[in-house]
Amino acid sequence: MTHATRVAVGVDGSVASEVALEWALQEAARRGWSLDIICSYSLPSFTAASLDGGYAALDDTAIRESAQAALDEAVAQASDRGVEVAGGLETGDPAGALIEATSSVGLAVIGTRGGGGFTDRLLGTVSTAVPAHAHCPVVVVPVKSKDDAERVPVTAPRRIVVGVDGSPSARIALAAAIEEAVLWDAELVVVGGVPLATGSGVLPWLPANIDRAQLLADVEAGLKVIVEEVRAASGHDIEIVSRVLDGSGSALLIEFSTAVDLVVVGSRGRGGFAGMLLGSTSQSVLHHASCPVLVVPARIQREEPAPAAFPWES
């Protein structure tokens, strides 16, 4: 499938979607892409037994008008930003509408109110389901303040961090992070995590007498090789800082998210219920990051290559 040079953003009239719209506008304007604004609505469903009359026809006029108003307002906000804008009102599940849209755009943007409780992970939310099943990279933009009226405004990313563990999906994420850093003239830091802590670490089987500092140095040397390979393939001669630290990848990226403007993670694209319930590095970061997160699915490499605007997809 062809990933067009368009950005898709989901809106619903909430503060979270307003923040996502602003991020999507910045990305579209910077890239010279067009913007698709999508608003999806659905009616609550009831079984016949749950209604006193046995069956009732629900009039969706008021709900549709409310959704249309939210869409019109978003289109109006975007109309004077120098970006070609198209609005679309969809019926059905918002996550499903956005996932479908990702098959024909180059980037999707969604907002989230945050929270990250067990119910969200079990049942899934738009911010969880879309990155898990998307056909293109997805930016999830959190509302940074609990007080909506005092939320931190969206700014262009100047500091970007990407998590790399040597896997193919991480290499794809690194390539995407390089493109974002070049696009925004941003600083780029590549982080690898090696959980060495005794007892609670993932590597408790390591001999007690092992030189842990040397182990971290060895892993960092390997990380630098990967970084150089991906940077050379990207064709961009930019400065990249590599760091390997003691800790899990998700915990480190969540900590970095408090000090940077964008976190980039890869996703192996397995998705599905198990992925949402059990979690992964990308899911954990999505639920707890303090800044926007760009999730780059590995599946884009298995689909038809995209235009040169997204080199990591070729």
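Helix 6 passes helix 7 in a right-handed crossing, where right-handed means that the near helix is turned clockwise from the far one by less than a right angle, and left-handed that it is turned anticlockwise. Everything reported here belongs to a predicted model, in which local features need pLDDT of at least 70 and side-chain atom pairs count only at pLDDT 80 or more, while totals for chains, interfaces and linings use all residues. Residues are numbered from 1 along each chain as its sequence is written, and side-chain values use heavy atoms, with hydrogens and water left out.

## Helices that pack together

Two packed helices are described by the angle between their axes and the distance between the axes. Axes are lines fitted to C-alpha atoms, for helices over the stretch in contact, and the angles run from 0 to 180 degrees between N-to-C directions. Helices (H or I, at least four residues) and strands (E, at least two) are DSSP runs, numbered from the N terminus.

| Helix pair | Axes come within | Crossing angle |
|---|---|---|
| Helix 6 (residues 168-184) and helix 7 | 10 Å | roughly 55° |
| Helix 8 (residues 249-256) and helix 10 | 9 Å | roughly 30° |

Contact means heavy atoms within 4.5 Å. Among the residues of helix 6 that meet helix 7 are Arg171, Leu174 and Ile178, and their counterparts in helix 7 include Ile226, Val230 and Ser234. In the other pair, Gly249, Ser250, Leu253 and Ile254 of helix 8 meet Thr281, Ser284, Val285 and His288 of helix 10.

Lys224 lies in helix 7 (residues 212-234) and counts as partly exposed because its relative accessibility is 46%, given that buried means under 20% relative accessible area, exposed over 50% and partly exposed in between (1.4 Å probe, protein chains only). Although Lys224 and Val244 are 20 residues apart in sequence, their C-alpha atoms are 9.8 Å apart in space.

An open sheet of mixed pairing is formed by 10 strands in the order 3-2-1-4-5-10-9-6-7-8. Its edge strands are strand 3 (85-91) and strand 8 (240-246), each of which pairs on one side only, and the twist averages 25° from one strand to the next. Two strands pair if DSSP finds at least two bridges between them.

Strand 4 (residues 105-112) is mostly covered, with seven of its eight residues buried. With strand 1 (residues 4-10), strand 4 pairs in the parallel sense over four bridges, and Ala4 has Val105 in strand 4 as its bridge partner. Strand 4 also runs parallel to strand 5 (residues 138-142), joined to it by five bridges; there Val109 has Val139 as its bridge partner, and Gly111 stands opposite Val141. Helix 10 (residues 281-288) lies across strand 5, strand 9 (262-267) and strand 10 (293-297), and runs at about 150° to strand 9.

## Confidence in the model

The predictor's confidence in each residue is given by pLDDT, from 0 to 100. The protein chain has a mean pLDDT of 79, and 73% of its residues reach 70 or more. Confidence is highest in strand 6 (residues 159-163), at a mean of 96, and lowest in helix 9 (residues 272-278), at 34. Over residues 269-279 pLDDT stays under 50, and the model has 14 contacts beyond four places in sequence for them.
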